[in-house]
Amino acid sequence: MILNFSRRKFVLYGSATFATSLLLKACSSNKSKIARVSSSEEGFKIAIALPGVITDKAWNQSGYEGLTLAKQKLGAEVAYLEQVAQADQTEVLTDFARKGYSLVFAHGGQFDAAIEQVAAQFKNTFFVGVNGNSQGENIASLRIDHLQGSYLCGIIGAAITKSNKLAYIAGQEFLATQEELRGFELGAKSVKPNIQIVSTFTGNWNDVAKAKEATLALIASGVDVIYQWLDSASPTVLQTASEKAVYAFGNTKDQLDIAPKAVLTSAVKRLDIAIAYIAELAKEKQLKGQIYSIGLERADILNLVNFGALVSETVKQNVLKVKQEIIDKKITFVNCQVAGKDTRCVKKV
């Protein structure tokens, strides 16, 4: 059953037995209450709140695909809500909890405050912040080690740049984006210590106009390699880079085909696999109130894929060598996300 409501859509899928249907409200301006239409039995129920749309070929699509994979693997009843504005986060998470969802994912670090507020009221629901930094009795966070992936991209960026000026662009500034920016900077400085890295945050993951404006401004300032993390606005950055003959990195999904002349590689984050893994722990009653961090040691979840033609074999092999050193813990990162300009947080054995 699919119900469409103004700016947001709530989509409910049944379990393998399709036993339950629900009617859910779509936005805070709609005062209709959630009501159960019918029920025959209670099963394992998973929901996810998404800040953007499931067709963005990036962050939100990966979250939706994780929900779909969990449904397939676990036979769970699942639901999702798209385009959840920050002002509506608490209400949306509360709605899911009230309807008895066993596990609720909030897809973005910007949900942390809402998770902490709602989780205290609904002890029978486990809340997981994807990219979050919260933990508690019924709160866990699922984090990809963005610093590891972006460190490798920084090495590539430093090898490619001619202007010695790189940039990072993202939708919002919080721990995960700070970590990714820091990794990009550290990787680049491991090759060229005096290289310059600038950053900008558009304030919106999906605003195409803002993304294009920010990209053009960076290029005008002399930047010739851009590491981006956006959602629906992501292709705009890559295509603008291509038009201006500069280079960029894909993020979350393999984005080489969006701008083949510009994309050097993509830091692929298989959040679908990671979300399904967390869901399986929850169903088996093994999920704990902690931060689950997944790095390059899980190549099926975090990896660089499909290098662009401009990346030489020498650069590629060097990056793969460093990647293995990170996996083998010959290179480690200690408090790098808060180390400022200090590169001593990178420890080499």
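Gln89, Thr90, Leu93 and Thr94 on helix α2 meet Ala114, Ile115, Gln117 and Val118 on helix α3. Sorted by class, that α2–α3 contact has 4 nonpolar and 4 polar residues, and no charged ones. Keep in mind that this is a predicted model. The chain runs to 349 residues, 56% of them buried, and has 9 helices along with 18 strands.

**How α2 and α3 sit together**

- α2 covers residues 89–98 and α3 covers residues 112–119; the two pack at an angle of about 45°, with axes 9 Å apart.
- Angles between 35 and 65 degrees fall in the oblique class, and α2 and α3 are therefore oblique to each other.
- As for handedness, α2 passes α3 in a right-handed crossing.

- Gln110 sits in the loop that links β7 (103–107) to α3.
- Is Gln110 buried or exposed? With a relative accessibility of 13%, it counts as buried.
- Setting aside neighbours within four places in sequence, Gln110 is in contact with Pro51, Gln86, Gln89, Gln172, Phe174 and Trp205.

- α4 takes in residues 146–160, so to speak a 15-residue helix, and it reaches 21 Å from first C-alpha to last, close to the 21 Å expected at 1.5 Å a residue.
- Of those 15 residues, 14 are buried, so α4 is largely enclosed by the rest of the structure.
- α9 (residues 313–327) packs against α4 at an angle of about 155°, and their axes are 10 Å apart.
- That angle is over 145 degrees, and α4 and α9 are therefore roughly antiparallel to each other.
- The α4–α9 crossing is right-handed.
- On the α4 side, the contact is made by Gln148, Tyr151, Leu152, Ile155, Ile156 and Ala159. On the α9 side, the residues are Val315, Asn318, Val319, Val322, Lys323 and Ile326.
- What classes of residue make up this contact? The tally is 9 nonpolar, 2 polar and 1 charged.

**Helix α5**

- α5 spans residues 175–191, which is 17 residues.
- At 1.5 Å a residue α5 should span 24 Å, and its end C-alpha atoms are 25 Å apart, which agrees.
- α5 is mostly covered, with 13 of its 17 residues buried.

**Leu238, inside α7**

- Leu238 belongs to helix α7, residues 234–243.
- How accessible is Leu238? Its relative accessibility is 0%, so it counts as buried.
- Not counting residues up to four places away in sequence, Leu238 touches Gln228, Ala248, Phe249, Gln255, Ile258, Ala259, Ala262 and Val263.
- The C-alpha of Leu238 is 9.1 Å from that of Leu256, which is 18 residues away along the chain.

- Most residues other than glycine have a negative phi.
- Asn131 is in the loop between β8 (126–130) and β9 (139–144), and at 4% relative accessibility it counts as buried.
- Thr252, also not a glycine, has a positive phi near 75°.
- Thr252 lies in strand β13 and is buried, its relative accessible area being 2%.

**Asp257, out in a loop**

- Where does Asp257 sit? It is found in the loop between β13 (247–252) and β14 (263–269).
- Asp257 is exposed, with a relative accessible area of 62%.
- Asp257 and Asn306 are 49 residues apart along the chain, and their C-alpha atoms are separated by 9.7 Å.

**Contacts across the chain**

- Take the contacts between residues at least 6 apart in sequence: 65% of them join residues at least 24 apart.

Key. Residues are numbered from 1 along each chain as its sequence is written. This is a predicted model: local features need pLDDT of at least 70, side-chain atom pairs count only at pLDDT 80 or more; totals for chains, interfaces and linings use all residues. Side-chain values use heavy atoms; hydrogens and water are left out. Axes are lines fitted to C-alpha atoms, for helices over the stretch in contact, and angles run from 0 to 180 degrees between N-to-C directions. Helices (H or I, at least four residues) and strands (E, at least two) are DSSP runs, numbered from the N terminus. Angles under 35 degrees count as roughly parallel, over 145 as roughly antiparallel, 65 to 115 as roughly perpendicular and the rest as oblique. A crossing is left-handed if the near helix is turned anticlockwise from the far one by less than a right angle, and right-handed if clockwise. Contact means heavy atoms within 4.5 Å. Ala, Val, Leu, Ile, Met, Phe, Trp, Tyr, Cys and Pro count as nonpolar, Asp, Glu, Lys and Arg as charged, and the others, Gly among them, as polar. The expected span of a helix is 1.5 Å times one less than its number of residues. Buried means under 20% relative accessible area, exposed over 50%, partly exposed in between (1.4 Å probe, protein chains only).
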